[in-house]
Structure formats: C-alpha cells, structure tokens
Amino acid sequence: MFKIVAAVVVIALILGGLGWWTFTGVQASVSEDAENTLISASEREAEGITQFVSERNNDTLRISNDEGIAEMSDEEVRQTLNDELRRLPSDVAAIHYYNIEEQRVEVSTDAFAEGQSVDGEQYPWVAALGEVADPTEVRSAEPYEGLVGSSGSEAKYLGFGSEIDNEQTHAIIVVVDLDTRSSLLEPPVENSVINVVSHEADGQVVLAQDLTQILEPHPLLDSLPFLAQSNLETRTDEVTAQTDLFEDDELIVASAPVENKRWSVTTMAEQSTVFATASEVSRSLLILIAVSLLGLVVLGAAITRDINRSLNELTGYAEEIEDGNLGVDINQSRADEFGQLSVLFSRIRDSLEGQIKEAESARKEAEVARAEAEELARYLQDKAEEYSDVMQQVGEGDMTRRMEQDGEEDSMDQIAEEFNDMIGELEKTTGQLKSYIDEVDQAGAEVEQSSRTVREASEQVAESIQKISDDAYNQKDRLDELRRSMEETVERIEAIATEYDNVSVDEALAQIRDVADELDHIAELSQETMAESQEVAGAAEEQAAELNTVSDRANELQRYAEPLRDILDRFETEKEHEFVFSVGPTGTTASPDTEQSDDA
C-alpha cells in the first residue's frame with residue numbers, strides 16, 4: 001500500500017507539475033493570443049482608417065483637379081458635386097465649392113450651407129487650407145462639430161480640402177460624417193471599445209463606437225499620456241482605471257498608429273473579457289488536471305483495495321494451512337497473478353496433504369520397524385547373554401557346553417555353529433593331549449624299568465644286540481611320530497589360546513616343546529646307540545650307561561608331562577580317548593588303527 005500510495009503521489013506530483021507547466025504555457029499562449037487579437041484589431045482598424053483617409057484624399061484631389069470646374073456656372077458646379085456625392089460612400093455628408101478669399105461656401109451639395117460664411121475656429125479645414133503649400137496636396141483637418149443639412153442638429157464632421165487646379169481662390173471641401181464612419185468600427189471581442197484618437201488634438205477622440213466620445217478626450221488619457229503626444233509604434237498596456245465604458249477597473253489597451261495621420265487606433269477591453277478564453281481554457285485544464293488526479297487517486301485506491309483484499313485472502317489461506325486446516329476452500333476463479341497464487345496455494349495444500357499422508361504412512365512403518373528392531377535387539381541381547389554364559393563356562397573349562405541354534409537369526413546361528421565346531425575341535429585336541437600325557441607317563445615308567453632290566457642283564461646285551469637294534473629302530477620311529485604329534489598338539493593349543501584370551505597355556509606349551517626336543521634328542525641317541533651296537537657289540541657297560549641316561553631322560557619327561565596334565569585336567573571333555581599314544585617298555589608305539597606289538 002505504501003508503494004502504491006508513493007507511486008500515486010509521485011505520479012500526481014509529476015502530473016501536477018506537467019499540468020501546471022501546461023496551464024501556465026496555455027494561459028500565457030491564450031493571453032498572448034488575446035493581446036494579439038486586440039493588437040490585430042487595432043492594426044486592422046488603423047489600416048482601414050489609413051485607407052479611409054487616403055480614399056477621401058484621392059476623392060478630394062480628383063474633384064479639385066477636374067478641368068473646367070472653375071469655368072462652370074454655379075448650377076453646373078452644384079450638379080457636378082451632387083453627381084460626385086452620389087458616387088462616394090455614405091459617410092461623405094457634403095461637398096463644398098469653397099471661396100478661399102471670401103471664406104464662404106459658394107456652392108454645396110448641402111443647400112443649407114450655400115452662401116454661408118465660415119471661419120477657422122468653427123471649421124478646422126479652413127485653417128488647414130492656409131497651410132497647404134502645394135496645390136496638389138490634400139489636407140485633412142481635425143474633426144469638428146457643425147450643421148449639415150436642414151435638420152438643425154449638430155454632428156461631428158471631418159473636412160478634406162484641396163485647392164482647385166490653376167486657381168488659388170477656390171477649393172473643394174469633402175465633408176465626412178464621423179458618426180457614419182464610426183459605425184464601421186468592429187470590436188474584436190465582446191464588450192470591447194475601439195476609439196481613434198488624435199495626437200494633434202491632445203488626445204481627442206476622432207472616431208468612436210460611442211458617438212458621445214467623439215471630440216472628447218480619450219477616457220484613458222490620464223493612464224495613457226502618450227495619446228496626447230505621439231504614438232509611432234504598436235503597443236499594449238494594462239491599466240487600472242474607472243470609466244463609464246466598463247464595469248471592471250482592470251483594462252487592457254492595444255494601440256496601433258495610423259499612417260500619414262497623427263492618429264492612433266485604441267482597442268480597449270476588460271482583462272476579464274480579454275482573458276476569458278484563457279481563463280476558460282485554464283479552468284478547463286485545471287478541471288482536467290483535477291479530474292486526472294482524482295481519477296489517479298481513485299484508481300490507486302481501487303488497486304490498493306483490490307490488492308489488499310486479495311492479499312488478505314491469500315494471507316487467510318496461508319494462516320489456515322499453517323493452522324493445519326488443509327480443507328480450506330481456496331478461490332481459484334481469478335485469472336490474474338493473484339489467481340495464479342491461489343492455484344499455487346491450492347497445489348501447496350494438496351502437496352502438504354500428500355506429504356502428510358506419506359509421512360503418516362512412513363511413521364507407521366517406522367513404528368513397526370522400530371518395534372521389530374526392538375524385538376530383534378532384545379532377541380540379540382538375550383542370545384548374546386546366552387552365548388556369553390556358554391563361552392564363560394567353556395572358558396572355565398567345561399568344554400562340553402554348546403551354543404543352541406534356534407533358527408531365528410542366521411547370523412547368530414552361524415556364530416553358534418562355528419563356535420560349536422571350534423569347541424569340538426578343541427575338545428578333541430584336549431582329549432588327545434590327555435591321552436598323550438598318560439602314554440608319555442606310562443612310556444617313561446616302562447623306559448625306566450627297561451633300563452633297570454638292561455643294567456641287570458648287561459651280560460645278555462651281546463646276545464640281544466640285534467634285538468635291541470631292531471627295537472631301537474622301532475623306538476626311533478615312535479619317538480619321531482610322538483614328536484610330530486606333540487608339534488601338532490602345540491599348534492592346536494596355540495590356535496585355541498588365540499581364540500580365548502583367558503586361557504594361558506604358554507608354560508605348558510614351553511614344557512611340551514622341551515619334551516619334544518628331548519624326544520628328538522632321544523631319537524638321535526637311539527640312532528647313535530644303534531650305530532654303536534653295530535660297531536661295538538661288546539660295549540655293554542657303555543650301553544648300560546647310555547640306558548641310564550635314557551632312564552634319566554624318561555624321568556624328566558615324566559616331570560614335564562605332569563604340569564601339562566594338571567592344566568588339561570581342568571578341561572572337562574567327553575573325547576579323552578578318541579586319539580591315544582602308547583609308549584611301552586620295548587619302545588613300540590600303538591594307535592587306534594594299529595595294535596600294540598607283542599614284543600614289548
């Protein structure tokens with residue numbers, strides 16, 4: 001609204017400024033045209049007066065130059081003058097045949113004037129004739145008041161005189177009725193007044209629409225003193241004066257000089273009349289500007305009202321939508337920008353409805369998914385606690401425990417399956433180790449007993465060297481096999497220890513490795529013994545000493561196997577005898593796949 005009001009104000013100011021500029025221009029132009037009208041009227045009348053004076057001069061000169069008029073009788077002259085009077089315009093009142101010397105009218109078209117004596121004071125043309133130096137020159141005197149005809153009423157006249165050619169005693173006088181000539185004056189505007197003023201007669205009126213003003217001083221002589229002096233240029237004057245001719249005191253006067261005569265034509269009019277057109281145009285222009293401004297204000301108000309109403313409707317739609325009322329009825333009947341906005345609001349409402357429905361559906365799906373996720377989380381937590389209990393019991397040594405697979409979650413079932421397989425392998429390995437330790441302990445006892453037997457029967461060594469050699473080969477093979485089995489066991493125990501950090505088998509593994517090293521060493525000794533038995537069949541004492549060493553090593557093996565048995569006894573298994581190592585006093589080795597040698 002502020003922008004529209006500001007725009008209306010700016011446009012109003014611009015329109016007002018342009019209107020005022022146009023108003024002043026039109027007013028000045030119309031005023032100038034009005035003044036030009038008065039000046040044109042004055043100039044036109046001045047030209048008419050100039051032509052009038054020239055025509056009367058020519059008429060007077062033509063009659064005075066008529067050859068033979070001086071030779072005519074009075075009757076012939078009268079006839080001639082009457083003929084000329086009939087040819088001349090109606091403003092010519094009379095033609096005199098004047099005797100200069102006697103200052104008497106000898107013959108005239110006016111019978112009343114014939115024979116009358118005239119003087120220069122009453123008839124100015126008498127004095128004017130005395131001022132004519134050239135017989136061919138016509139002299140028009142100043143106006144005068146006198147009698148013409150037998151009516152007995154006085155009128156205003158102007159005389160034109162010219163001496164008759166070749167004669168200095170007579171002249172032709174053409175008398176013009178100024179009242180009749182004044183009737184030819186045409187005012188340019190309503191209530192205007194045209195006067196012809198004479199500068200030689202101190203501003204006396206020569207011709208006037210108001211006949212009573214003729215031979216009277218000009219009514220504006222006090223305001224326009226140049227009328228009593230001389231006026232040689234066209235001019236306009238605005239004066240303030242009270243006259244009987246006008247009701248208004250504010251007047252405008254246009255003056256134009258008459259050529260070849262010290263006269264001026266003045267056209268007077270009230271300024272209100274002269275500028276009436278300008279005032280009317282100005283008033284019309286002001287009314288047009290006012291109507292334009294009013295129309296602009298009304299248009300701006302209408303546009304503002306329409307825009308505000310439309311914006312209020314759109315604001316109401318937006319507030320309803322904001323409050324959640326998506327069922328609001330949106331008017332989409334308008335075809336303008338507000339209609340487009342209404343359509344857009346409708347689309348937004350429909351889009352919001354769709355989005356809300358989708359969001360509600362998504363919320364429900366999310367709630368279902370959350371419930372499922374919570375259920376899965378509870379299941380996984382319970383399963384993890386169950387698996388944790390199993391792993392804790394396994395870690396405490398109960399290797400008979402297994403993780404149950406319920407088919408609810410594939411990942412948990414896979415973990416249980418892999419864990420059970422791992423524990424099964426570990427249980428099998430632990431059982432094998434337990435059997436191995438028992439066999440090692442038994443074999444150590446047998447070795448020790450064999451050593452004693454060998455010492456007691458050293459004398460039979462020589463005889464039994466071959467048999468001992470054979471046994472030594474068999475013993476070596478069994479020791480090698482035992483060493484490899486122990487290495488595999490160490491690797492399995494290391495793998496199990498890696499899986500369960502809470503089980504420490506480093507010391508036991510070190511002892512097993514030491515036993516394996518000793519077994520390897522025993523194997524080497526057996527090889528040496530075989531070589532020596534072959535080379536020195538009779539070295540019974542040396543073999544006995546070696547057997548003592550073997551017995552000591554067997555005792556050490558029994559000591560090393562004891563801590564490992566203590567560790568393995570902590571593990572509860574169901575497969576302790578699935579894989580068995582047997583080491584007898586004869587050095588033979590047995591497994592589930594082969595029977596123990598009877599030679600032992």
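The following questions and answers concern a predicted model of one chain.

The model is predicted, with local features needing pLDDT of at least 70, side-chain atom pairs counting only at pLDDT 80 or more, and totals for chains, interfaces and linings using all residues. Residues are numbered from 1 along each chain as its sequence is written, and side-chain values use heavy atoms, without hydrogens and water.

Reader: How many helices and strands does the chain have?
Author: Helices (H or I, at least four residues) and strands (E, at least two) are DSSP runs, numbered from the N terminus. On that basis, the secondary structure of the chain comes to 11 helices and 13 strands.

Reader: Is Arg78 buried, partly exposed or exposed?
Author: Arg78 belongs to helix 2, residues 74-87. Buried means under 20% relative accessible area, exposed over 50% and partly exposed in between, with a 1.4 Å probe and protein chains only. Because its relative accessibility is 21%, Arg78 is classed as partly exposed.

Reader: Which residues does Arg78 contact, leaving aside its neighbours within four places in sequence?
Author: Contact means heavy atoms within 4.5 Å. Arg78 and Ser108 stand 30 residues apart in sequence, yet their C-alpha atoms are 6.2 Å apart. With those neighbours set aside, the contacts of Arg78 are Val107, Ser108 and Glu114.

Reader: Why is strand 10 largely enclosed by the rest of the structure?
Author: Strand 10 covers residues 250-258. The strand is largely enclosed because its buried residues number 7 of the 9.

Reader: Which residue of strand 11 stands opposite Val258?
Author: Two strands pair if DSSP finds at least two bridges between them. Strand 10 and strand 11 (residues 263-270) run antiparallel, joined by 8 bridges. Opposite Val258 stands Trp263.
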